[in-house]
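Visitor: I'd like a tour of this protein, please. Could you show it to me and then take my questions?

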Amino acid sequence: MNLKDPKQFTADFMAYIQARNPGEKEFHQAVLEVVETLSEFLIKNPRYIHSKILERMAEPERVIQFRVPWIDDNGNIHLNRGYRVEMNSAIGPYKGGLRFHPTVNLGIFKFLAFEQVLKNSLTSLPMGGGKGGSDFDPKGKSDNEVMRFCQSFMTELSRHIGPNTDIPAGDIGVGGREIGFLFGQYKRLRNEFTGVLTGKGVGWGGSLIRPEATGYGAVYFAEEMLKTRGDSIKGKTVAISGSGNVAQFAVEKVLEMGGKPVSLSDSNGTIFDPDGFDLEKLEYIKLLKNAYRGRIREYADKYDVPYYENKKPWGIKCDVAMPCATQNEISGEAAVTLLKNGCTVVAEGANMPSTYDAEHAFLDAKILYAPGKAANAGGVAVSGLEMTQNSMRLSWTREEVDEKLKDIMKNIHSMCLKHGKEPGGFVNYVKGANIAGFVKVANAMMAQGLV
Ligand code: NDP
């Protein structure tokens, strides 16, 4: 490892990661983003290099993979694969969502778990990092099929999790319905009612504001960034992708703060409403996506607005872009289009939605660019607050939780400023978030010895 030149240090480290984790391209991308921004800092603080902290952080403490058999409504047998990557427990029990989507694989869960460790550290709450899920696709399945799958999945996962060990939550394809089925099966197997999952219903241990937290938090973060330039979200046109949990509540908060959200999408295409959404239209979207489990195209039919088949929203002229669907949804080319059209703020609701090229285009243009691990940390932060309420056996009010969420997002923003401010005043939020997230975990690992 070259200990003088940050570029060479990064190249050496990435050669090691690639050789050790062949074919896991999303994991390579997530590690590269971190090493690139940390290398100078590490060279100045060689104790972390000598203790091989980064190598150890990029190696999961434990990976669990298991078979998930289930029977559909017609009596046919299906097999899916379940995963849980328990990445790092230096500052608290493993914490991170479950994703049910046909495209997942081990490399994707490792990238998500690696990001989660740094994100959870940024929240200032005592949570380690993990991530998991299955290649099961809940789309087109009946409620009973989803329940049978969740019960089979939890029958194995329950051996590995617990309120002081590993506390999963939702992610793509895992919302309130799935958390309910998973929790029910855990409780039945263990005969105990504990806060083993977050994102639970409010009547049975869930926290107020948890469903809203990721979307709201991302908008709070965008507002904090805009404040540094004496500006605000008020009056801004906002392009949002996705139409699930994160996207819906991003729309809601943008509206509340006086912005104009104009787009949403799903894996089939994008809707563009030039007049912007309002609360009534948002209610329709929530009903369409959460109750009827329909497609976003139906919004275009109902409100007679353009629908772009198989397209993402990044060709739409906007001031603020909020990718809230999935990884690598903004290509380098799309980033250039956004910049050309005058976009000056990107706040990532999704995890790693910008490709390597897109991220560098945003950084080179010196716009306000917040990576997911900072901007979308509100979700896991309120999950942390749910864990606290479960342990204390009490429930905070909506206002109390929202206030704490705002404080946490402001605090993450301050940490990004502290570690990411460059000569000339530009704030590199990627660097700021990575260094701030890393230091806390690294110091805990150093203190705990070689484990
Ligand atoms: P949901 O399942 O509720 O919604 C996901 C949305 O993204 C849907 O509109 C879905 O469309 C779309 N989408 C999913 N996969 C793809 C794909 N491969 N290509 C195009 N569109 C896709 O998930 P969430 O809203 O919870 O999660 C969205 C993002 O936010 C993810 O990156 C997740 O990791 C991240 N995140 C979520 C948190 C949370 O609290 N839920 C916390 C922090 C980050 P379709 O219906 O067609 O599949």
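Visitor: How many salt bridges does a search of the whole structure find?

Guide: Good place to start, but keep in mind that this is a predicted model, where local features need pLDDT of at least 70, side-chain atom pairs count only at pLDDT 80 or more, and totals for chains, interfaces and linings use all residues. Residues are numbered from 1 along each chain as its sequence is written, and side-chain values use heavy atoms, with hydrogens and water left out. A salt bridge here is a side-chain nitrogen of Lys or Arg within 4 Å of a carboxyl oxygen of Asp or Glu. Searching the whole structure with that rule gives 25.

Visitor: Which residue does K110 meet in a salt bridge, and how many residues apart in sequence are the parts that the pair ties together?

Guide: The partner of K110 is E24, with 2.7 Å from N to O. K110 sits in helix α5 (residues 106-122), while E24 is in the loop between α1 (6-20) and α2, so the parts they tie together are apart in sequence by 86 residues. Helices are DSSP runs (H or I, at least four residues), numbered from the N terminus.

Visitor: What area do domain 1 and domain 3 bury between them?

Guide: An automatic or database domain assignment sets the bounds, giving domain 1 (1-59 + 430-451), domain 2 (62-196) and domain 3 (213-375). Buried area is the accessible area (1.4 Å probe) that two parts lose on being put together, summed over both. For domain 1 and domain 3, 57% of it is on carbon and sulfur atoms, and the total is about 900 Å².

Visitor: Which residue forms a salt bridge with K373?

Guide: Across the interface of domain 1 and domain 3, the rule finds one salt bridge. Its closest N and O atoms are 2.6 Å apart, and the partner of K373 is E33.

Visitor: Which helix gives the most to the side of domain 1 that touches domain 3?

Guide: Two helices, α2 (25-44) and α17 (429-447), each supply at least two residues of that side. The one giving the most, with seven residues, is α2.

Visitor: How far is an oxygen atom of the ligand from an N or O atom in the side chain of S267?

Guide: There are 25 residues around the ligand (a heavy atom within 4 Å), and S267 is among those that come nearest. For T214, a side-chain N or O atom is 2.7 Å from a ligand oxygen. For the side chain of S267, the distance to an oxygen atom of the ligand is 2.3 Å.

How values were computed
Polar contact = N/O pair within 3.5 Å; in protein donor to acceptor, adjacent residues only side chain to side chain.
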